[in-house]
Amino acid sequence: MTEPDSLDRSARAIAAAESLGLDHTVTRHGRVRSLEEAAAARGVEPRAVVKTIVVRLADDDYRFVLVPGDREIAWPKLRALLEVNRLSMPSAEVAFEVTGYVRGTITPLGSTTPWPVVADASLSGPVSLGGGAHGVALTVDTDDLIRALDARVADVTEPTA
């Protein structure tokens with residue numbers, strides 16, 4: 001069974017990719033419990049699974065951070081890049097309010113608000129990112145994605161411990 005409106009959300013993400021002219025492949029798979037399961041279901045290496053993290057800079061000011069699957073945000077690096085002393089991650093409810101996607105499915109593609117995007121410098125080649133609903137992913141070329149989203153590329157991650 002799908003979550004309510006999940007088909008609408010995945011259609012929104014796919015339509016956004018199309019309107020941006022992104023060459024993409026849609027993969028539909030069942031729910032997964034780990035990054036490794038997601039990678040296997042999508043036919044990619046774990047590092048090619050992009051986690052889209054929403055961070056809050058201030059009230060009504062958020063960023064999407066695109067993080068390779070085998071890495072995590074290096075908070076001091078991200079704070080320095082964004083020139084802020086403090087960042088936080090919004091609650092699941094707030095993340096939904098500001099993106100239109102539930103946690104675990106968030107993507108900058110088709111977000112209800114087009115927040116600025118930071119892409120980690122280690123992203124490369126084909127990557128698979130969330131498609132707006134559980135079990136839906138879009139595989140795209142990193143360079144094309146960065147161009148389409150006008151993403152700021154920077155070293156903002158570190159290897160997962």
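Q: Let's start with Asp 155. What does Asp 155 count as at its relative accessibility?
A: Asp 155 counts as partly exposed, at 45% relative accessibility. Keep in mind that this is a predicted model.

Q: Which residue forms a salt bridge with Asp 155?
A: Lys 77 does, and the closest N and O atoms are 3.1 Å apart. Lys 77 lies in helix H3 (residues 75-82), while Asp 155 sits in the loop between strand E8 (152-154) and strand E9 (157-159), so the pair ties together parts that are 78 residues apart in sequence.

Q: And what does Lys 77 count as?
A: Partly exposed too: Lys 77 has 33% relative accessibility.

Q: How many salt bridges does the count come to?
A: Six.

Q: Which residue meets Asp 120 in a salt bridge?
A: Arg 71, with an N to O distance of 3.9 Å. Arg 71 is in strand E4 (residues 71-73) and Asp 120 is in strand E5, so this pair links parts 49 residues apart in sequence.

Q: Is Asp 120 buried or exposed?
A: Buried, with a relative accessible area of 2%. Arg 71 is buried as well, at 18%.

Q: Arg 63 next. Which residue forms a salt bridge with Arg 63?
A: Asp 61, with the closest N and O atoms 2.5 Å apart. Arg 63 is buried, at 17% relative accessible area. Asp 61 counts as partly exposed, at 25% relative accessibility.

Q: Switching to packing. How many residues has the largest nonpolar core?
A: It has 27 residues. Leu 66, Leu 109, Leu 145 and Leu 149 have the most contacts inside this core.

Q: Which elements give two or more residues to this core?
A: The helices are H1 (6-19), H4 and H5 (142-149). The strands are E2 (49-58), E3 (61-68), E5 (117-120), E6 (126-130) and E7 (136-141).

Q: Which gives the most?
A: H1, with four residues.

Q: What is Leu 66 in contact with?
A: Setting aside neighbours within four places in sequence, the contacts of Leu 66 include Val 50, Pro 108, Val 117, Leu 123, Leu 145 and Leu 149. Asp 120 is also among them. That is the Asp 120 whose side chain meets Arg 71 in a salt bridge.

Q: What does the second, separate core include?
A: That core has 12 residues, among them Leu 57, Leu 87, Val 118 and Val 156. Val 118 is also one of the contacts of Leu 66.

Q: Now helix H4. Which residues in H4 are buried?
A: Ala 95, Val 98 and Thr 99 are buried in H4, which spans residues 92-99. Seen down the axis of H4, the buried residues fall within an arc of 85 degrees, so they line one face of the helix.

Q: What does the face turned away carry?
A: The exposed residues Glu 93 and Glu 97.

Q: Why do residues three or four places apart point the same way in an α-helix?
A: Because an α-helix has 3.6 residues a turn.

Q: What phi does Gly 100 take?
A: A positive one, of about 85 degrees, just after H4.

Q: Last one. Where does His 24 lie?
A: In the loop between H1 and strand E1 (25-28). A polar atom of the His 24 side chain lies 2.8 Å from the backbone oxygen of Leu 22.

Q: What does His 24 touch?
A: Not counting residues up to four places away in sequence, His 24 touches Ile 14, Ala 17, Glu 18, Leu 138, Thr 139 and Val 140.

Methods
Residues are numbered from 1 along each chain as its sequence is written. This is a predicted model: local features need pLDDT of at least 70, side-chain atom pairs count only at pLDDT 80 or more; totals for chains, interfaces and linings use all residues. Side-chain values use heavy atoms; hydrogens and water are left out. Buried means under 20% relative accessible area, exposed over 50%, partly exposed in between (1.4 Å probe, protein chains only). The arc is that of the directions from the helix axis to the C-beta atoms. A nonpolar core is a set of buried Ala, Val, Leu, Ile, Met, Phe, Trp, Tyr and Cys residues joined through side-chain atoms within 4.5 Å. Contact means heavy atoms within 4.5 Å. A polar contact is a pair of N or O atoms within 3.5 Å; within protein, one must be able to donate a hydrogen and the other to accept it, and residues adjacent in sequence count only if both atoms are side-chain atoms. A salt bridge is a side-chain nitrogen of Lys or Arg within 4 Å of a carboxyl oxygen of Asp or Glu.
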